[in-house]
Amino acid sequence: QVQLVESGGGLVQPGGSLRLSCAASGSIFSINAMGWYRQAPGKQRELVAAITSGGSTNVADTVKGRFTISKDNAKNMVYLQMNSLKPEDTAVYYCSVAVTTTPSAYERDYWGQGTQVTVSS
């Protein structure tokens with residue numbers, strides 16, 4: 001099994017910054033992609049940003065230029081640096097990784113428990 005532990009959420013004023021971290025551990029053979037999603041009350045979960053094993057990134061238009069995704073392969077960690085936060089960024093943020101646990105296993109997505117980000121004055 002694979003476990004994901006997120007940290008870094010909290011309450012921040014508009015225009016402020018937060019950095020989310022997600023650590024993956026367990027039976028990991030390879031991590032093929034890592035990403036952050038968010039879900040606001042009454043809305044569907046949406047992709048915020050993703051990064052592949054090769055380092056290519058995909059960032060949602062709504063956060064482009066304000067959020068940056070990065071990873072540390074040695075530590076199996078992914079980060080989301082969030083700057084110029086807006087009230088509409090308020091949501092539960094989830095970490096997700098696409099992992100193979102053995103050389104012959106199929107890729108499977110794992111999810112963290114979520115961390116609350118609230119942007120309010």
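G9 touches L18, L20, T115, Q116 and V117, leaving aside residues up to four places away in sequence; contact here means heavy atoms within 4.5 Å. This is a predicted model, in which local features need pLDDT of at least 70 and side-chain atom pairs count only at pLDDT 80 or more, while totals for chains, interfaces and linings use all residues. Residues are numbered from 1 along each chain as its sequence is written, and side-chain values use heavy atoms, with hydrogens and water left out.

Let us stay with G9 for a moment. G9 sits in the loop between strand 1 and strand 2 (10–12). Strands are DSSP runs of E with at least two residues, and helices are runs of H or I with at least four, numbered from the N terminus. G9 and Q39 are 30 residues apart along the chain, and their C-alpha atoms are separated by 14 Å.

Now for a sheet. Strands of a sheet pair through backbone hydrogen bonds, either parallel or antiparallel. An open sheet of 4 strands has the order 1-3-8-7, with antiparallel pairing. Its edge strands are strand 1 (2–7) and strand 7 (67–72), each of which pairs on one side only. From one strand to the next, the twist averages 15 degrees; axes are lines fitted to C-alpha atoms, for helices over the stretch in contact, and angles run from 0 to 180 degrees between N-to-C directions. Within this sheet, I69 has L80 of strand 8 as its bridge partner.

Strand 9 is mostly covered, with 9 of its 10 residues buried. The table lists strand pairs, where pairing requires that DSSP finds at least two bridges between the two strands.

| Strand pair | Direction | Bridges |
|---|---|---|
| Strand 7 and strand 8 (residues 77–82) | antiparallel | 6 bridges |
| Strand 4 (residues 30–39) and strand 9 | antiparallel | 9 bridges |
| Strand 9 and strand 11 (residues 115–119) | antiparallel | 3 bridges |
| Strand 9 and strand 10 (residues 108–111) | antiparallel | 4 bridges |

The bridge partner of R38 in strand 9 is Y93. V92 stands opposite Q116 in strand 11, and A98 stands opposite D109 in strand 10.

How many disulfides does the structure hold? There is 1 disulfide, a term used for a pair of cysteine sulfur atoms within 2.5 Å. C22 and C95 form this link, with their sulfur atoms 2.1 Å apart. The link of C22 and C95 is left-handed, with -80 degrees about the S-S bond.

Finally, a look at R45. R45 lies over the face of Y94, at 3.8 Å from the ring centre. R45 also lies over the face of W111, at 4.8 Å from the ring centre. A charge sits over a ring if NZ of Lys or CZ of Arg is within 6 Å of the ring centre and within 35 degrees of the ring normal.

Conventions:
Buried means under 20% relative accessible area, exposed over 50%, partly exposed in between (1.4 Å probe, protein chains only).
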